[in-house]
Amino acid sequence: EKERALDRIERALIEERVLSAALEGRVRELTSILRAGRAVASTLSLEDVLHLILTSAQELLGATEGSVMLFDEEKTTLRIGASVGLPEETARRQIRVGEGVAGWVAEFREAVILRGDLSDHRFRRFVPKDRRVRSAMSAPLWARAEPVGVLNVSVSQGDREYTEHDLRALTVFAEHAAIAINNARMYQRERDASVKLAEVDTRRRDFLAVVSHDLKAPLTAILGYSRLLRDLGRKATDHQTREFTEIIEKQARRMLQMIEQLLMATSVDQGAPVLLREPLYLDRLVREEVAAFRGVLSERAVDVKVADELPVVYGDRSALEHILANLLDNAVKYSEDGTPIEVEVAPATEEVHVSVSDRGPGIPQELLTNVFDRYQRGDGPPGAGGVGLGLFIVRSLTQGHGGRVWAENRAGGGASVTFTLPLRRQGSRVGG
């Protein structure tokens, strides 16, 4: 009886030690999950969150490979947002919901284990017969009843084989991870919105500063000469009347051009310009635009060089006229009276180059990199005017044609702006 009593005591002690060890292991596991969850939730950078999720999952579950797959906006496709231990081609892969093991997990919102024997018949069709699976798990990532993605971990080395206990641990950790990813995404959206609002506010202030400054000068001239005509009345000579009305008309045209530039820039801001595409003969178009610009050119000589056998391009005539008008206007503003302006049209590989050059002081080196940004202007002569949108519009319309544009200083002095038009087959529209 004493021996039986001692046996019972011994078995009870063994069971107690086993339960105590299991409880201790469970406490360690929960502590690890809690620590990992806190670490993941401690940052708001999506990239850092994904990295922490993977490193924490590796540490928690002894994984040798892992990935975090995220839903696209339509919630129909999963892409790998972060991975560790995976081949590069696998890390770039995208799958649709329902495709593969991760797609199945995303569709049915159920965590699964894959083992070497593939005893779960549901996933046999997803794994090639020639690829051995040692042990892997996938858990859905959901936050606030919204699908976020799928968390995958696997073991390809050693004897580790995941159990249902490991799957429960991964599922608990995935809940923390999904909330952290969702928070990071919301933070990113808020930060992007704040940046956009700051940009809008900067543009608004720049716009008001430019408009108030540049429209004030011609408006003052119009009011001043109108008042002179009114005060002189019949005493004004024919010469004075003609001179004053010409100044008023010139300043009114200047204001109209500024307003047209502002309207065009506003149109560009609302999206890529939709441009008609029609066959254009650049030789004829360039010469007609130069002829139409004679009133501004005054006594200036314009040297137009067009290559022989120039190919026909397809583009929007009105847009190209606008580009040329802006480039010619800039060449006049930023070079001295009497100096020539050069326009050159030449074919290149799969495109045509159109350049407008002047003999002015050139573009300051610090402006060369952002001369096509809105409200960027060089130091022109007094009264040059403009709202600093000409080259911004040139770039937008050129890109709408699928072309390129750049500015450079010439070795002999002056600046040159070149835009390209790609050679296209005839179609209906370009841009979008």
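Searching the whole structure turns up eleven salt bridges, counting a side-chain nitrogen of Lys or Arg within 4 Å of a carboxyl oxygen of Asp or Glu. This is a predicted model, where local features need pLDDT of at least 70 and side-chain atom pairs count only at pLDDT 80 or more, while totals for chains, interfaces and linings use all residues. Residues are numbered from 1 along each chain as its sequence is written, and side-chain values use heavy atoms, leaving out hydrogens and water. Helices (H or I, at least four residues) and strands (E, at least two) are DSSP runs, numbered from the N terminus. "Buried" is under 20% relative accessible area, "exposed" over 50% and "partly exposed" in between, with a 1.4 Å probe and protein chains only.

**Salt bridges**

- Glu288 pairs up with Arg317, with their closest N and O atoms 2.4 Å apart. Since Glu288 sits in helix 8 and Arg317 in helix 10, this pair ties together parts 29 residues apart in sequence.
- Both partners are partly exposed: Glu288 has a relative accessible area of 39%, and Arg317 comes in at 28%.
- Glu351 and Arg404 make another salt bridge, at 2.5 Å from N to O. Glu351 belongs to strand 12 and Arg404 to the loop between helix 11 and strand 13, so here the parts tied together are 53 residues apart in sequence.
- Glu351 counts as buried at 14% relative accessibility, whereas Arg404 is partly exposed at 42%.
- Shared partners link Glu288, Arg317 and Glu321 into one salt-bridge network.
- Lys305 and Asp303 also meet in a salt bridge, at 3.9 Å from N to O.

- Five strands form an open sheet in the order 9-11-12-14-13, with mixed pairing; two strands pair if DSSP finds at least two bridges between them.
- Strand 9 (302–306) and strand 13 (405–409) are the edges, each pairing on one side only.
- Neighbouring strands are turned by 15 degrees against each other on average, direction ignored. Axes here are lines fitted to C-alpha atoms, for helices over the stretch in contact, and angles run from 0 to 180 degrees between N-to-C directions.
- Strands 13 and 14 (the latter residues 415–422) pair antiparallel over five bridges. Asn409 has Ala415 in strand 14 as its bridge partner.
- Helix 8 (residues 282–292) packs on the sheet, touching strands 9, 11, 12 and 14, and its direction makes about 175 degrees with that of strand 9.
- Helix 10 lies across strands 11, 12 and 14, running at about 170 degrees to strand 14.

- The largest nonpolar core has 44 residues, and Leu282, Leu320, Leu327, Val343, Val345 and Phe419 touch the most other members. Such a core is a set of buried Ala, Val, Leu, Ile, Met, Phe, Trp, Tyr and Cys residues joined through side-chain atoms within 4.5 Å.
- Helix 10 gives the most to this core, at eight residues.
- A second, separate core has 32 residues, among them Ile53, Leu54, Leu60 and Ile181.
- Ile323, in helix 10 (residues 317–333), is buried with a relative accessible area of 0%. Leaving aside neighbours within four places in sequence, Ile323 is in contact (heavy atoms within 4.5 Å) with Val394, Leu397, Thr398 and Phe419.
- Helix 11 (residues 390–400) has nine of its eleven residues buried, so it is largely enclosed by the rest of the structure. Leu391, Val394 and Leu397 are among those buried.
- Gly402, which follows helix 11, has a positive phi near 85 degrees.
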